[in-house]
Amino acid sequence: MSHAELSMEQMHGSVAEERPYGVPTRKLVMWLFIIADAATFGAILFAYGYVRVGSADWTKPFAFYPTILNAIVMTFVLLTSSLTMLGAVRAASAGRPTAIRWLGATILLGITFAGLHLREWAAMIREGWSPSHNPVGGSPLFGAAFFGITGLHLLHVVCGVIAIGVITLLYRRGRVDASYIETTGLYWHFVDLVWMFVFPLVYLLNAR
Amino acid sequence: MSSAGSSSTPGMKFYVVLWAGLLVIVVVEVLLTYAHVRPLSLTLALIALALIEAAMALLYFMHLKYERRILFWSLIPALVFVLVMFDHFWPDAFRVTSMRLPVAASSTPPSGG
């Protein structure tokens with residue numbers, strides 16, 4: 001450390017206050033992002049609720065097989081990915097190399113979730129569903145609500161998989177420490193948390 | 001919740017039990033859906049179960065329980081306030097349809113003098 005850096009550190013050390021939240025800035029910023037994003041999902045889910053209540057001819061198109069069963073499998077996959085992410089955070093905090101394998105498992109589960117989701121979308125689009133068209137009659141707003149809510153969530157999953165992939169590469173090369181994995185894990189658990197509302201409200205309440 | 005800051009978090013065995021508990025809640029949600037419960041009761045039950053799941057994820061998976069209390073009290077009440085405001089103001093959107101100007105008045109172009 002140079003003399004200038006040393007003196008700067010000494011200067012900051014004398015005036016620096018304790019962090020009021022007791023967490024690194026990176027983690028606090030992620031929490032603030034999560035709260036803002038939760039309000040976004042809250043807005044879209046409340047809007048869905050009011051549109052649904054306000055539409056006399058609301059459609060309930062989902063049969064147990066394949067849609068609800070597919071959504072149950074997707075829920076299982078996403079919940080399991082949260083568990084593997086916790087494994088990655090714990091392993092990285094303890095300095096164990098298994099963190100890479102836990103992160104790899106989380107990425108694979110995230111890709112599986114996105115694949116199942118896209119397969120479901122493709123089947124619905126083949127049946128004639130779109131954000132503005134309801135092929136079985138009833139309110140066309142069903143398509144807008146369904147593709148809007150699940151699309152926003154799917155976008156978060158894809159971004160999460162990319163973020164975990166980047167962090168895994170950087171961690172493997174020793175460019176970032178365990179705290180980056182913990183912060184990315186916070187985001188991934190939030191994606192899981194949102195699905196806990198999307199699954200019952202968008203899938204189960206629209207089951208035939 | 002810790003008042004002193006991040007403390008030791010539970011082991012992997014605890015998280016596996018929590019994960020299994022969340023899966024059980026998912027199964028209960030599906031069973032309730034096909035149990036011919038009244039729509040309003042089903043909606044309220046599903047929202048209540050989702051809130052329990054969210055609380056478990058927030059406190060344990062996201063470690064909010066092990067952070068300083070001030071982090072919880074700075075973030076969560078603000079979010080709840082925003083969501084309650086959504087709930088109170090969203091119905092106002094339905095009033096818009098009755099607030100439109102009469103067609104004749106709005107479509108008549110102003111006279112050029």
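This is a predicted model: local features need pLDDT of at least 70, side-chain atom pairs count only at pLDDT 80 or more; totals for chains, interfaces and linings use all residues.

Guide: Start with one definition: a residue is buried if 20 or more other C-beta atoms lie within 10 Å of its own, and exposed if 12 or fewer do.

Now the contact. Chain B brings 36 residues to it, and chain A brings 34 residues. On the chain B side, helix 1 (12-33), helix 2 (39-61) and helix 3 (69-89) each supply at least two residues. Helix 1 of chain B gives the most, with 10 residues. What kinds of residues make up the side of chain B that touches chain A? They divide into 27 nonpolar, 4 polar and 5 charged.

Follow helix 1 of chain B across to its partner, helix 3 (residues 64-93) of chain A. Two packed helices are described by the angle between their axes and the distance between the axes. Here the axes come within 11 Å and cross at roughly 165°. Angles over 145 degrees count as roughly antiparallel, so helix 3 of chain A is roughly antiparallel to helix 1 of chain B. The crossing is right-handed.

Which residues meet there? From helix 3 of chain A, they include Ile72(A), Phe76(A), Leu79(A) and Arg90(A). From helix 1 of chain B, they include Met12(B), Tyr15(B), Trp19(B) and Val30(B). The residues of this helix pair divide into 13 nonpolar, 2 polar and 1 charged.

Helix 3 of chain A has a feature of its own. Pro66(A) sits in this helix. The peptide bond from Tyr65(A) to Pro66(A) is cis, with omega near 10°.

Ala88(A) touches Ala99(A), and among its other contacts are Trp102(A) and Ile181(A).

Last, the histidines in the loops of chain B. His36(B) lies between helix 1 and helix 2. Its phi is near 55°, a positive value in a residue other than glycine. His63(B) lies between helix 2 and helix 3, and its phi is also positive, about 60°. Is each one buried or exposed? His36(B) has 7 C-beta neighbours inside 10 Å, so it counts as exposed. His63(B) has 21, so it counts as buried.

Definitions and conventions:
Residues are numbered from 1 along each chain as its sequence is written. Chains are lettered from A and ligands numbered from 1 in the order in which they are written. Two residues are in contact if their C-beta atoms, placed from the backbone, lie within 7 Å. Helices (H or I, at least four residues) and strands (E, at least two) are DSSP runs, numbered from the N terminus. Ala, Val, Leu, Ile, Met, Phe, Trp, Tyr, Cys and Pro count as nonpolar, Asp, Glu, Lys and Arg as charged, and the others, Gly among them, as polar. Axes are lines fitted to C-alpha atoms, for helices over the stretch in contact, and angles run from 0 to 180 degrees between N-to-C directions. Angles under 35 degrees count as roughly parallel, over 145 as roughly antiparallel, 65 to 115 as roughly perpendicular and the rest as oblique. A crossing is left-handed if the near helix is turned anticlockwise from the far one by less than a right angle, and right-handed if clockwise. Lists of a residue's contacts leave out its neighbours within four places in sequence.
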